[in-house]
Amino acid sequence: MRKTLHLTEGIFPMPVLMVATYNEDGSVDVMNAAWGTMQERGNVALNLTETHRTVQNIKRNKAFTISIADAAHIVEADYFGIVSGNKESKKFEKSGLTASKSDLVDAPIINEFPICMECAFMEYQDNTYGCGVIGKVVRITADEKVMAGDKIDLSLVNAIAFDPYTHGYYKVAERVGEAFKDGLKLK
């Protein structure tokens, strides 16, 4: 038997993405965005409203980075989601994290997060069905600590996912199958 649930962001898990930009004064701005995905290979789509300081920064600077949040930095990642850069000018400084400037786009790389996508702003969409930032990924970098040879080892990343039903964070770490291979058993 199935039970009807209240309407929410029903796709689980949702990523915990740290979207970083520079403010007008050159300080670092970071927000937590769960509504983001790859639009196609090489393009990202973030469902963000224009009221976010981050969106205004993206439109002005034509660039942003997206870092994958990890279990070691849940407190900071959650803080970036509950505190608005429009109300707290020292938001990033209060987190205790550090940043480096990307040499490809005008946006910061948050050093402590294990994976970072550096993105060039393509367009802002706002219509009846939603709004959001579309960006072109120009480079992806990963901390060597999460690499196994030349590939990312997800078990070392300890990426976190957001559960919109219970408002919990969960580690995404255990490999349970082989994509494009396991299903061949039914062929």
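Modeller: Let us start with charge, where Lys and Arg count as positive and Asp and Glu as negative, while His and the chain ends are left out. This is a predicted model, and its chain carries 21 positive and 25 negative side chains, with the centres of the two sets 4 Å apart.

Colleague: How many helices and strands does the chain have, and what is its radius of gyration?

Modeller: The chain contains four helices and 14 strands. Its radius of gyration is 17 Å, which agrees with the value near 16 Å that a compact globule of 187 residues would have. Taken along the principal axes, the C-alpha atoms fill a box of roughly 55 × 45 × 30 Å.

Colleague: What share of the residues counts as buried, and what share of the contacts with a separation of 6 or more comes from residues 24 or more positions apart?

Modeller: Buried means under 20% relative accessible area, and 42% of the 187 residues count as buried. As for the contacts with a separation of 6 or more, 57% of them are between residues 24 or more positions apart. The accessible surface comes to about 11,500 Å², and carbon and sulfur atoms account for 54% of that area.

Colleague: How many disulfides does the structure hold?

Modeller: A disulfide is a pair of cysteine sulfur atoms within 2.5 Å, and the structure holds zero of them. For Cys 116, the nearest cysteine sulfur is that of Cys 119, 7.7 Å away, and for Cys 119 the nearest is likewise that of Cys 116. Cys 116 is buried, with a relative accessible area of 1%, and Cys 119 is buried as well, at 0%.

Colleague: Where does Asn 23 lie, and is Asn 23 buried or exposed?

Modeller: Asn 23 sits in the loop between strand 2 (17-22) and strand 3 (28-33), and it counts as buried because its relative accessibility is 8%. Leaving aside neighbours within four places in sequence, Asn 23 is in contact with Val 28, Asp 29, Arg 53, Asn 57 and Arg 60.

Colleague: Which strand holds Tyr 169, and which residues does Tyr 169 touch?

Modeller: Tyr 169 belongs to strand 14 (residues 168-172) and counts as partly exposed, at 26% relative accessibility. Not counting residues up to four places away in sequence, Tyr 169 touches several residues, among them Val 16, Asn 32, Ile 74 and Phe 162. Ala 159 is ten residues from Tyr 169 in sequence, and their C-alpha atoms are 9.9 Å apart.

Key: Residues are numbered from 1 along each chain as its sequence is written. This is a predicted model: local features need pLDDT of at least 70, side-chain atom pairs count only at pLDDT 80 or more; totals for chains, interfaces and linings use all residues. Side-chain values use heavy atoms; hydrogens and water are left out. Helices (H or I, at least four residues) and strands (E, at least two) are DSSP runs, numbered from the N terminus. The radius of gyration is taken over C-alpha atoms; the globule rule is 2.2 Å times the number of residues to the power 0.38. Buried means under 20% relative accessible area, exposed over 50%, partly exposed in between (1.4 Å probe, protein chains only). Contact means heavy atoms within 4.5 Å. Accessible areas come from the Shrake-Rupley method with a 1.4 Å probe; for residues, only the protein chains shown count as cover. The place of a charge is taken as NZ of Lys, CZ of Arg, CG of Asp or CD of Glu.
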